Amino acid sequence: MEIKLPRLKSQIIQRQLFTDYWQELHTAKESGKKVAWVSGMSPSELLSAMDFLIVYPMNHSATCAAAGVATSLCEISEQNGFSQDLCGYQRCDIGSALMGDQTLSPVRPPKPDLMLVTSNQQCHQIFKWFENISRIYDIPLVMIDVPFLDDTATEEDESRALEYVKEQLREFIDFLEGFTKRRFNFDHLQECMGNASAAYDLWYEGLFNAAKNIPSPISTFDLFIHLGPMLYLRSRPEAVDYYQNLKNEVIDRIAKGQGAVPNERYRLFLNGMNWMKIPSLAKLCASYNACMVTGIYPLLFTLKGGDISRPVEAMAKSAINSLLNRGLQTRINAVANLVRDFSIDGIIAPTIRGCKPISSFQLETMREVEKLTGIPNLEFETCMVDTRYHSDAQVEVRIQAFMELLENRAIK
Amino acid sequence: MRDELRPFIAARQNLYNDLKQWKKTSDKKIIGCHPMDIPEEIVHAAGMLPITLMGYDGVIKHATGSLQPTIACNILLENLELCFNGTLDLLDGVIFTDVCDTIPILSDIWLRHSHLALHHLMVMPKHLNSPSSRSRVSEQFFRLKASLEKLNKKKISDRDLKRSIGIYNQNRRLLKRLYNIRRSKPGLLGASDVSAVVTSGMLMWKEDHNRLLGQLLLKLEKSPLPSSYPKVRLIVTGSLCGCCDSALSAIEASGAHVQWDDLYTGSRYFTSLTNEDIDPVEALAQRYINDVPSPARFFDADAWADYISNMVICSGADGVIIIIRKFCEIHADDFPCIQNKLTKDGIPCLMIETERAGISEHNKARIQTFINMLERE
Ligand code: SF4
Ligand code: SF4
């Protein structure tokens, strides 16, 4: 019998928000607004301050996966020379751009006027992906280069990195003035950053931290779903209202002792992710009374605000402090801490095909986390969006075996 | 010619045993340089021997437990195995550059398992388009210099660094002479021979390499033009971070001559010289900035495509073989741009993927078909 998991009502509000937002995007030209495609960690507030509308190609690929067209789009990029070994997000989005007006994408993102990519996830592919898109559309691409702070990085390295990022942000502000032929609007920037910061705090407390409750009122699925407004709309007051509403809803669940999974018995952690499979994975786990309460992915986004009276400094700090920008030991410690703080019984650790910055050290990380916490993990290979590299049957068998393991541990 | 080539070929074959022996009698330090883009001159100027870590062909037992084998290229896995199996314990230090996504991760894994006196990751700017990114190059080179000085408890003087730059420049000039001979006397030197000569220079003192190269060049320059030689002339490009001997052998076995190359263990190593008249660290930074286009930097793919296309035109080659190491995302991502440019310029090209075991039978057949097609044209 198919398990039905209780949904948060905010999802309905979100649907409406995004319907309106995509409408705005598709009529951007008529309304004289510019569209920018940006990477997940980019300081999009700078663009919002200058009234750009934002599109996240990563999120676009996830949307294509949810609509079941990602694999076909990946194949289009492969026919144009892009290797199957590249990350699925990239292949899918490039495939869509290569198809132009004929794209299979359900949302058909409007052609960008500008692209902005930030490197603070030590991911080269996202750079090259954006570079390839900017070549296909023949539009300018700006890169904010955020130096990786590895396990040997010193305070001096960190402060140099900070200065370097600040300098680039200033260069980008100059560029934006030239590009839009308008003075940069610092007042509006402060508003945008204020909204983003308030939205983040509500998301963090209301959603992310709420999962520490037993039973957890939310699952990773909720975490991902409700990340959408944080990406697209965080500069706007609507985002603050949205997350306030969501927080109230979650508080209500906590007060009623209502869990995201009825009869929660095991609490799981998702290290890495496979967008297209999260709903089915969540249901599969729920059939064993297990809730995937949290994961690493949302924490990789550093959306935390800072001192908005010093916007450049705050944005630069936020960029270099992303967990993805930090060395392996920092990441191992972060996972181990989350596992303890969220009372986790088991870790699901998919290796994502082609995704080096998240998956290539999964084995090392999981071994170390198990040493530190004693919590077992399950690894399997999958792809962000490409169904050719995911086997439901195999994952089902592996999850079943893993749940039996957890059961045996619980009996002991 | 085999005798003259022997020392170059031997340098790689017994590398770690030879180094172990050498260490017994020398107090000099040995520094492993993970490919690519390490300014070896600074290591050399510190009186240490820089050795490029180019993997190995033994069994991989431990590395795959830490680095995902379905994501990491063979060079990364092989070098990590050398770290794990103790082969690299003879090193005094290791230096990495964040050329691709996995190298910084490799560096952090390495750090957890090995305890060499020096462990240094250079974090280079990802593009060179702005004043701030360009100034970060010299900043990173100074940072490396400071790390080496700390290890040695001794400053590296400008004089020593300039001397090392001079020795490295001489090496590059000699290698260029070797390439000119290969081009003008096709059939005299095989592509794998040339690769062995270049690679050996990454594994021994440059002074020794210059001496050996000088002797080889004298012989080669006196040698007559072989009476018969292959008709099809090719440019081979890519194979980042390591050799591609099996691909080069397959190309030659299929009856083509490699006219020039754009290989990591080839002309990419020697094409740019360092200015000997300015501040030495600044000069090395300038070399890095003005070096041949690289997939490790962004916004370089178009320039790289132009560079390869020009190389074909200038050398009079008939086509290009692009060698991409499996799972090398930086190269795979630039490939469509290069392929489009070459196609637009009417230059035939073939992409071949190399793996740990070299190239597959299927790819050998593709090379043969490609060369046969060029022969007919
Ligand atoms: S982080 Fe992974 S999934 Fe995201 S763009 Fe980079 S390779 Fe692709
Ligand atoms: S060959 Fe490519 S993937 Fe492998 S280490 Fe070099 S740059 Fe990285």
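Biologist: Which residues are around ligand 2?
Modeller: This is a predicted model, to be clear. The residues around ligand 2 come from chain B: B:Cys73, B:Leu76, B:Val99, B:Cys100, B:Ile103, B:Leu240, B:Cys241, B:Arg325, B:Phe327, B:Cys328 and B:Ile330.

Biologist: How does that shell around ligand 2 split by class?
Modeller: There are 10 nonpolar residues and one charged. No polar ones.

Biologist: And how many residues surround ligand 1?
Modeller: Nine. The closest are A:Cys87, A:Cys123, A:Trp129, A:Cys355 and A:Met384. By class, ligand 1 has seven nonpolar and two polar residues in its shell, with no charged ones.

Biologist: Switching to the interface. How many residues of chain A are in contact with chain B?
Modeller: 49 residues of chain A, against 55 residues of chain B.

Biologist: What area do chain A and chain B bury between them?
Modeller: About 4200 Å², with 53% of it on carbon and sulfur atoms. On the chain A side, A:His124, A:Lys128 and A:Lys356 supply 17% of the area buried against chain B. That is more than any other three residues.

Biologist: What does the side chain of B:Arg143 make a polar contact with?
Modeller: The side chain of A:Asp157, at 2.9 Å. B:Arg143 also touches A:Arg160. Within chain B, its contacts include B:His120, B:Leu121, B:Met122 and B:Val123.

Biologist: Where is B:Arg143, and is it buried or exposed?
Modeller: B:Arg143 is in helix H6 of chain B, residues 131–152. It counts as buried because its relative accessible area is 14%, under the 20% cut-off.

Biologist: Now the largest nonpolar core. Which residues touch the most other members?
Modeller: A:Leu47 and B:Trp110, out of 234 residues in that core. Helix H8 of chain A, residues 186–208, gives the most to this core, with nine residues.

Biologist: What does A:Leu47 touch?
Modeller: Leaving out residues up to four places away in sequence, A:Leu47 touches A:Ala36, A:Val38, A:Phe52, A:Ile54, A:Leu114, A:Leu116, A:Phe172 and A:Leu176.

Biologist: Last one. Where is B:Met48 found?
Modeller: In the loop between helix H3 (40–45) and strand S2 (49–52) of chain B. B:Met48 is buried, at 0% relative accessibility.

Biologist: Which residues does B:Met48 touch?
Modeller: Among them are B:Lys29, B:Ile31, B:Val43, B:Leu148 and B:Trp205. B:Trp205 is 157 residues from B:Met48 along the chain, and their C-alpha atoms are separated by 9.1 Å.

Key
Residues are numbered from 1 along each chain as its sequence is written. Chains are lettered from A and ligands numbered from 1 in the order in which they are written. This is a predicted model: local features need pLDDT of at least 70, side-chain atom pairs count only at pLDDT 80 or more; totals for chains, interfaces and linings use all residues. Side-chain values use heavy atoms; hydrogens and water are left out. Helices (H or I, at least four residues) and strands (E, at least two) are DSSP runs, numbered from the N terminus. Buried means under 20% relative accessible area, exposed over 50%, partly exposed in between (1.4 Å probe, protein chains only). A polar contact is a pair of N or O atoms within 3.5 Å; within protein, one must be able to donate a hydrogen and the other to accept it, and residues adjacent in sequence count only if both atoms are side-chain atoms. Contact means heavy atoms within 4.5 Å. A nonpolar core is a set of buried Ala, Val, Leu, Ile, Met, Phe, Trp, Tyr and Cys residues joined through side-chain atoms within 4.5 Å. A residue is near a molecule or strand if one of its heavy atoms lies within 4 Å of it. Ala, Val, Leu, Ile, Met, Phe, Trp, Tyr, Cys and Pro count as nonpolar, Asp, Glu, Lys and Arg as charged, and the others, Gly among them, as polar. Buried area is the accessible area (1.4 Å probe) that two parts lose on being put together, summed over both.
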